[in-house]
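Morning, everyone. Let me walk you through one structure. Please look at it with me first.

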Amino acid sequence: FFLQYIVSTPIGNLEDVTLRALRVLRTASLVLAEDTRHTRQLFSRYDIHTRLESFHQHNERQKEAMVLRQLQQGAAIALVCDAGTPAINDPGADLVAAAAAANVRVIPVPGPSAVLAAVVASGLPTQQFLYCGFTAPKAGARQKQLSKLAGQEATLVFYVSPHSLLAALEDAVQVLGAHRRCCLARELTKRHEELWRGSLGEALAEFSERGPRGEFVLLIEGSGSAAAVQGEAVSEDQIVEALRQAVAAGQSPS
Ligand code: SAM
């Protein structure tokens, strides 16, 4: 009976950690951390002294065998990342797959993740959302990524680094149109937390002017949502055409 815990930790505010997460971190034989210095801050806040070892994208593969061996010898190992939930755009997915293949019991200890916090506070439909990971770093790949998602009805959720935010918004305006509603969830749970809401075009204007700072989640309404359908139903071209026809027919446009 071997145990591996996937433990969510705060995405900013150190109070966002569950009682269970603290107990598991305190009683585990070993905690694997993306950056041990970062996790030490959480440990010192909660007086946790469990042994920490680094586990990040550059040593993930090479540590896998050692971790599985220790698990099979009866160790209870917990995996954390710098912020939020491991394996969500952070190391962990390969280790979980290897553990599952070796019949190691994998136990999630749920808690913060930027994706869910952003979705629930965005004001966009939450019934269906599609987590798309980071926006692609290069323009060509990013436009292709967005084109593939253009017909998607679910709310789209992207992680985006501050230095690529403006380029990502430009591409989104170009590929999805300036009218789609969006939300920029910035610095969630931190002192400068902000939920900025508006259209993609407005977001581009606003963040070009003030300069993007902090950590961002970009949420864009899906193509089938009420506002998008309305936006599509009365595109500018259609309004111009309606006016032209009304003038031609000698009516005053309504
Ligand atoms: N595993 C993490 C999770 O569960 O959310 C995500 C890690 S990923 C490497 C880091 C990205 O997550 C950031 O670039 C940003 O897009 C998003 N993020 C993390 N913390 C955030 C916060 N406090 N506010 C807004 N976005 C955040």
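Are α6 and α7 parallel, antiparallel, perpendicular or oblique to each other? Some ground rules before the answer. This is a predicted model, where local features need pLDDT of at least 70, side-chain atom pairs count only at pLDDT 80 or more, and totals for chains, interfaces and linings use all residues. Residues are numbered from 1 along each chain as its sequence is written. Helices (H or I, at least four residues) and strands (E, at least two) are DSSP runs, numbered from the N terminus.

Now the answer. The axes of α6 (residues 139-149) and α7 (residues 165-176) come within 9 Å and cross at roughly 45 degrees. Axes are lines fitted to C-alpha atoms, for helices over the stretch in contact, with angles from 0 to 180 degrees between N-to-C directions. Under 35 degrees counts as roughly parallel, over 145 as roughly antiparallel, 65 to 115 as roughly perpendicular, and the rest as oblique. So α6 and α7 are oblique to each other.

Who makes that contact (C-beta atoms, placed from the backbone, within 7 Å)? From α6, Ala 139, Arg 142, Gln 143, Leu 146 and Ser 147. From α7, Ala 167, Ala 168, Asp 171, Ala 172, Val 175 and Leu 176. By class, that is seven nonpolar, two polar and two charged residues. Ala, Val, Leu, Ile, Met, Phe, Trp, Tyr, Cys and Pro count as nonpolar, Asp, Glu, Lys and Arg as charged, and the others, Gly among them, as polar.

Stay with α7. Its axis and that of α8 (residues 200-210) come within 9 Å and cross at roughly 155 degrees. That makes α7 roughly antiparallel to α8. Residues of α7 in this contact include Leu 165, Leu 169 and Val 173; those of α8 include Leu 204 and Phe 207. The contact divides into 10 nonpolar, two polar and one charged.

Next pair. The axes of α3 (residues 60-72) and α4 (residues 93-101) come within 10 Å and cross at roughly 40 degrees. Their contact has six nonpolar, no polar and three charged residues.

Now the ligand. How many residues surround the ligand? There are 23, and the closest are Gly 84, Ser 113, Ala 114, Tyr 159 and Leu 188. A residue counts as near if its C-beta atom, placed from the backbone, lies within 6 Å. The elements giving two or more residues to the shell are α5 (114-122), β7 (155-160) and β10 (216-220). The shell has 12 nonpolar, seven polar and four charged residues.

Conventions:
Two residues are in contact if their C-beta atoms, placed from the backbone, lie within 7 Å.
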